[in-house]
Amino acid sequence: MADSQTPADSSAPRDAGGAVPRPSRAQAFRETLFELIRLDGVRGGLIVTPDGLVITSELPPRFPVEALAALAATLGRELELGATRLDRGAFRTALFSADDGTVFVGGSPVGYVTLVADRNVNVEVVRAALGRAVDRLRGTWRTAGAA
Amino acid sequence: MGIATFLERTWSGLTGLVKPRSAATMFRLADQYRHEGRYEEAADLIAEGLRVAPNIAVGHLLDAYLHVVFREMPAAKTSFRRVLSLDPYHPRALFGLARIALEEGDIEGCRPFLDRAIQYFPDFPEAKALQEMVATWSAPAVATPSSVGAVNTERLRLPPGAHDLILTHADGTMVFAQGSEDRQRQLTLHMTQVYRIASATLARAGLGALRRGVVEGSSEMMFMRSDGGIILGVALPREIEVGAGLVQLGRLWTDLNIKS
């Protein structure tokens, strides 16, 4: 997985870091994701930071987590940058639908919430829940920033 | 023993009990904090660690990561380059620079970083995912045969508040866009990049080709539709519902008589 080795192992392609307990903000991230993946039609999801670190992931075993995380972080950054460059206000949520399902992305200062959903998912319900989740993540950023 | 001597000895004894942390310890702890989302504390530790040991690659790597989290891309780029000056084949630094090049729209600059990372570390799924994605990208063609005829915008039924209407090919060749030349260029670049990265994400998730997209900003919504390498996009007021916005976009698609 992406976080399987220590930072001292500078030659490995894996990300820096080891298996560590994740209280505080990390706990809020996990709870946020758990709430979202319980929605009807949502197969799973992950939260990835802008640098591509997977903070938490709940995806079915067959999903390529690292690859999906890299693409989700890249997509999240492009959506963020585009919103700024085109004066559309801060990027909040996005959805991209295909023949066999939909990917949702939520943007926040701490990172991007990505959900993988079925074709017939209720888009408005998921989008509204994702919007609330994004607001909560923004709250954790502000709280820590003020501390 | 005078009071000054007593205080000095007491202070000396107290500080002697606290061993200074090594840079490696600080970096390890900083990385743990990073995983916990405690970025501010991690940043302090990294700064302290690099002050003690300025030539440890992992310290600069962690520094780069935090700059990315704080969206300080020029500083992140400098730190990733510092890692490479200490370890020229560091895969994470190469990958970090590739991603920054990608978001700067420098596709040609991005590829060598990914190639180098994978050359030395073939088992690097994140880099492979981006490498496969950009491998299919091409620069806009000088004269791409268009399946879209001349666009007559006067016949279009633009919904109230609609703007930034854009029609482009997936390779970035613009067919039509509203606004100034600079606005058209920005729109085309953004629309193409979103289409490409979202398409790669959907494909990686096994969901198929991108058909529709909706991007919500805090002040407006962007709707997009694509088929066969043609992308149509329009910005609508934020209050519009997703379903209604997609219907409006569908009407525009029909009006433009797009045959993919």
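Me: What makes two strands a pair here?
Reply: Two strands pair if DSSP finds at least two bridges between them. Strands (E, at least two residues) and helices (H or I, at least four) are DSSP runs, numbered from the N terminus. Strand β1 (residues 42-48) of chain A and β2(A) are joined by four bridges and run antiparallel. Four bridges meet the cut-off of at least two, so β1(A) and β2(A) pair. In β2(A), Thr56(A) is the bridge partner of Ile47(A).

Me: What kind of model is this, and how are residues and chains labelled?
Reply: This is a predicted model, where local features need pLDDT of at least 70, side-chain atom pairs count only at pLDDT 80 or more, and totals for chains, interfaces and linings use all residues. Residues are numbered from 1 along each chain as its sequence is written, while chains are lettered from A and ligands numbered from 1 in the order in which they are written.

Me: What joins β3(A) to strand β3 of chain B?
Reply: Seven bridges join β3(A) to β3 (residues 210-217) of chain B, and the two run antiparallel. Thr93(A) stands opposite Glu216(B).

Me: What makes residues of chain A and chain B count as in contact?
Reply: Their C-beta atoms, placed from the backbone, must lie within 7 Å. By that test, 61 residues of chain A are in contact with 65 residues of chain B. α2(A) gives the most to the side of chain A that touches chain B, with 16 residues. That side divides into 34 nonpolar, 12 polar and 15 charged residues. Ala, Val, Leu, Ile, Met, Phe, Trp, Tyr, Cys and Pro count as nonpolar, Asp, Glu, Lys and Arg as charged, and the others, Gly among them, as polar.

Me: Why is α5(B) called roughly antiparallel to α6(B)?
Reply: Axes are lines fitted to C-alpha atoms, for helices over the stretch in contact, and angles run from 0 to 180 degrees between N-to-C directions. Angles under 35 degrees count as roughly parallel, over 145 as roughly antiparallel, 65 to 115 as roughly perpendicular and the rest as oblique. The axes of α5 (residues 73-86) and α6 (residues 91-103) of chain B come within 9 Å and cross at roughly 150 degrees. That is over 145, so α5(B) is roughly antiparallel to α6(B). Their contact has eight nonpolar, one polar and one charged residues.

Conventions: Two residues are in contact if their C-beta atoms, placed from the backbone, lie within 7 Å.
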